[in-house]
Amino acid sequence: MGRLKITFLNPPFLKSFSRPQRSPAVTKSGTLYFPMWLAYACGAADKAGFEVDFMDAPADGFDLDYVKKRVADFAPGLIVADTSTPSVYNDAAVCQTLKDLVPGAFVLLVGTHVTALPEESLKLNGSVGAVAVGEYDQTVTDLAQTLESGGSLKDVAGICWRDGDKTVNNPRREFIEDLDSLPFVSSIYRRFLRIENYFNPNAIPPMVTITTSRGCPYPCSFCVYPQTLMSRKVRYRSVANVVDEIEYITKSFPEAKSIFFEDDTFTINRKRCVEISEEMMRRGINISWTINARADLDYETLRVMKRAGLKLMCVGFESGSQQLLDNIAKKTSVEKMESFMADARKAGVLVHGCFMVGLPGETKETMQGTLDMAKRLNPDTAQFYPIMVYPGTDAYQWYSEKGYLTTKDFSQWLTPGGLHNTIVRTEQLTSEEMVQFCDHARREFYLRPQYIARKMLNVAVNPDEMRRTLRSARTFIKYLVKGSDVAR
Ligand code: SF4
């Protein structure tokens, strides 16, 4: 008898819905994230000998009929479905349809949302056999082995499951320490995905997204991964293992122009940043890369990383108010941000700045202070959004307890068009005021004559910049002119 078959599914929902990103939505810039965590779990199951299929429905444009046909043909014993807060009702409904089609299949939901609300998620409908709580690579493999051998679900760490009328929360699974033991996630992309489907305006397309570590030690109240899937304990892949995968990508995806390192914060360990950079240079690897960073990296480290191909850093500046930064436990200062930007400029590394409004204590004056700071820091690109809060985070708890959540219907986390909706208010601001301010801030930032002149010059002298800028501008300019959907 063959091994158990497993379907890994990023379920169909809205066109170009970027479910795997920290703030899942259809985005103004056309961003579409790789289903990286699902692909990691697929790699682990494949390595353990299970027969696997993988579908990224929003990226490949697979509708429910196509997914049904492929699932019926494959006849899996286990369906592992990714979820997100705004799509969770849809995701459970898709699973119900598939379960009706293949009644013998066990359905496991995974992701940040079900980790935060396991019991509630289990009750979404009768198709859901269990939800994975936290990091789930090993959980899927253990569950598959248990289903295959007819063992008891009570022995599978890291799941919440249904035992008759009862809900059972098994003990949480230990986080994986030896990340080198996992197969390259890019090898699963190679087998099942088309990299040209994916886009991040901060990386030159086509790009490949991987991670070199898991977890982040900082306590930022709004940040979902360290508080749900990955923890505040940082675990690293070895430098050799990381650079081996980079080499694999350059050989297996000759069309790839860049790599996005999706670590929560790539730059926690500066010595390791330098070691990865030096190893890339020693092996003669020549590819552009992008990272998520905190605004605290020094010039010397930046210089080495730039020489190894670092093009751009995505940096969460969040707010121009020290008090508000403290209120979200950002553990940084406005002064540090200023000196970091000066160093990044000197090292020639571009910065995408993230700014949020609607933080605890926000007023019209602090929002304006954030916009003033954004213009002063003057990163290459900037995003302005009302804070999005997700179950499992301290921020969600705070807004919920204060009565500042405008809804608890998770489908309302999106506008009718699938964009981020604003579902919080503060003591002094309504949701609408935050949305209007962000529309205003985007125009103020991007329509400055000196900004437009600098951008045109960059694009004129650099064809890769032209490709990156034009692709995101296609959708972004529409929203810049028209503004956001009105929050409900
Ligand atoms: S430093 Fe960045 S990744 Fe880490 S918790 Fe804060 S926002 Fe999240």
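A residue is called buried when its relative accessible area is under 20%, exposed when over 50%, and partly exposed in between, with a 1.4 Å probe and protein chains only. By that scale Phe 17 is buried, at a relative accessible area of 1%, whereas Phe 13, at 28% relative accessibility, counts as partly exposed. The model is predicted, so that local features need pLDDT of at least 70 and side-chain atom pairs count only at pLDDT 80 or more, while totals for chains, interfaces and linings use all residues. Residues are numbered from 1 along each chain as its sequence is written, and side-chain values use heavy atoms, with hydrogens and water left out.

Rings of Phe, Tyr and Trp (its six-membered ring) pair if their centres lie within 6.5 Å, and planes under 30 degrees apart count as stacked, over 60 as edge-to-face and the rest as tilted. This rule gives 24 aromatic pairs. In one of them, the ring centres of Phe 13 and Phe 17 are 4.8 Å apart and the planes stand at 85°, so the pair is edge-to-face. Trp 37 and Tyr 40, by contrast, have ring centres 6.1 Å apart and planes at 25°, so this pair is stacked; both residues are buried.

Ring pairs also join Phe 317, Phe 340, Phe 355, Phe 384, Phe 445, Tyr 446 and Tyr 451 into a cluster.

A charge sits over a ring if NZ of Lys or CZ of Arg is within 6 Å of the ring centre and within 35 degrees of the ring normal. The charged end of Arg 294 is placed in this way over the ring of Tyr 218, 3.5 Å from its centre, and Lys 346 lies over the face of Tyr 299, 4.1 Å from the ring centre.
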